[in-house]
Amino acid sequence: QAAAPLHPVAVQCQEAQVVVTVHRDLFGTGRLVRAADLTLGSAACLPVAQSTAESMVTFVVGLHECGSTLQMTPDSLIYKTSLFYKPVPSGNLIIVRANAAVVPIECHYPRKSNVSSNAVRPTWAPFHSTLSAEERLMFSLRLMNDDWSTERLSNGFQLGESLHLQADVASGDHVPLRLFVDDCVATLSPDRNSSPRYALIDLSGCLVDGRSDETTSAFISPRPRQETLQFVVDAFKFAGDDRNLIYITCHLKVSPVDQGPNPLNKACSFNKASSLWAPVEGTGDICSCCETGNCPLYG
């Protein structure tokens, strides 16, 4: 609705951004607040414009910008932010004549339909396109050459060599994400539940293959990017089986970058020099369950 003294803050939830229009008569008293005292979001973003009459202040920010947060419900994507009014003393620096105020702002988008009530213009990106980018993450797991620069052309290895494995996610327009490898299992058939089977990574991110005395298997630290995770596994074969083909199946997942690693979302290698588990990021205690085996699974 139009911003007016009775409704001093108006919000337009657009497909990729939110537009917040603030009437400077914020409290309906006739006393105009200063535009410089208004900010949006935890990142304190500044307005982009004031009207010529200078009674209106406008903010235009992307849905993921200025410290906004995203909440998912079964039916909706909810972006939350806040408008802050923080009056700074002017003139007499020891008194103020207005209270600070916080106006919570939410934009709700249906997860299964287009948000536009009007016909979509050909030049617009319809919301369901944006939504598919939000929800459909493209994961990949590739064998890389020894310096990680390109994908390895051959999938053949000799015992004594190392497999350089790189997991990636293309997150599109999603909030910044950090990739984890929950588990990896080696089998002689494409069925990950077939027998024999050998766990390389288990317990929500513990590279258990590196626990063996004869291996140097480990995650690579630091990561090249938050959406990439690299690890090295010593080549192996199943005892008593002469087949030359082994299948490795991995479960990949992501968490928001602003959510710190924890026992559920971690990448832990065993350091033989210290005889301790160490994470690629986060504090060492998140790896303690790799030794006890009591890690949370698939939360």
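Predicted model: local features only at pLDDT ≥ 70, side-chain atom pairs only at ≥ 80, totals over all residues.
Let me begin with the open sheet of four strands, which runs in the order E9-E10-E14-E13 with antiparallel pairing; two strands are taken as paired if DSSP finds at least two bridges between them. Strands (E, at least two residues) and helices (H or I, at least four) are DSSP runs numbered from the N terminus. Strand E9 (138–144) and strand E13 (218–219) stand at the edges with a single partner strand each, so one side of each lacks a neighbour in the sheet. Seven antiparallel bridges join E9 to strand E10 (residues 162–170), and Leu 165 in E10 is the bridge partner of Leu 143.

Residues are numbered from 1 along each chain as its sequence is written, and side-chain values use heavy atoms, with hydrogens and water left out.

I turn now to the disulfides. The structure holds six disulfides, a disulfide being a pair of cysteine sulfur atoms within 2.5 Å. Counting bonded cysteines along the chain, the pattern is 1-4, 2-3, 5-7, 6-11, 8-9, 10-12.

Cys 268 and Cys 287 are joined with an S to S distance of 2.0 Å. The torsion about their S-S bond is about -80°, so this disulfide is left-handed. The pair links distant parts of the chain, 19 residues apart: Cys 268 lies in strand E16 (residues 268–271), and Cys 287 in the loop between strand E17 (276–279) and helix H2 (288–292). Cys 268 counts as buried at 0% relative accessibility, and Cys 287 is also at 0%; buried means under 20% relative accessible area, with a 1.4 Å probe and protein chains only.

Which hand does the link of Cys 289 and Cys 295 have? With 100° about the S-S bond, the link of Cys 289 and Cys 295 is right-handed.

Next, the aromatic residues. Rings of Phe, Tyr and Trp (its six-membered ring) pair if their centres lie within 6.5 Å, and planes under 30 degrees apart count as stacked, over 60 as edge-to-face and the rest as tilted. The count comes to six aromatic pairs. In one of them, Phe 270 and Trp 277 have ring centres 5.4 Å apart and planes at 65°, so the pair is edge-to-face. Both Phe 270 and Trp 277 are buried. Elsewhere, Tyr 198, Phe 236 and Phe 238 form one aromatic cluster.

Technical notes. Buried < 20%, exposed > 50% of the residue type's maximum accessible area, 1.4 Å probe, protein only.
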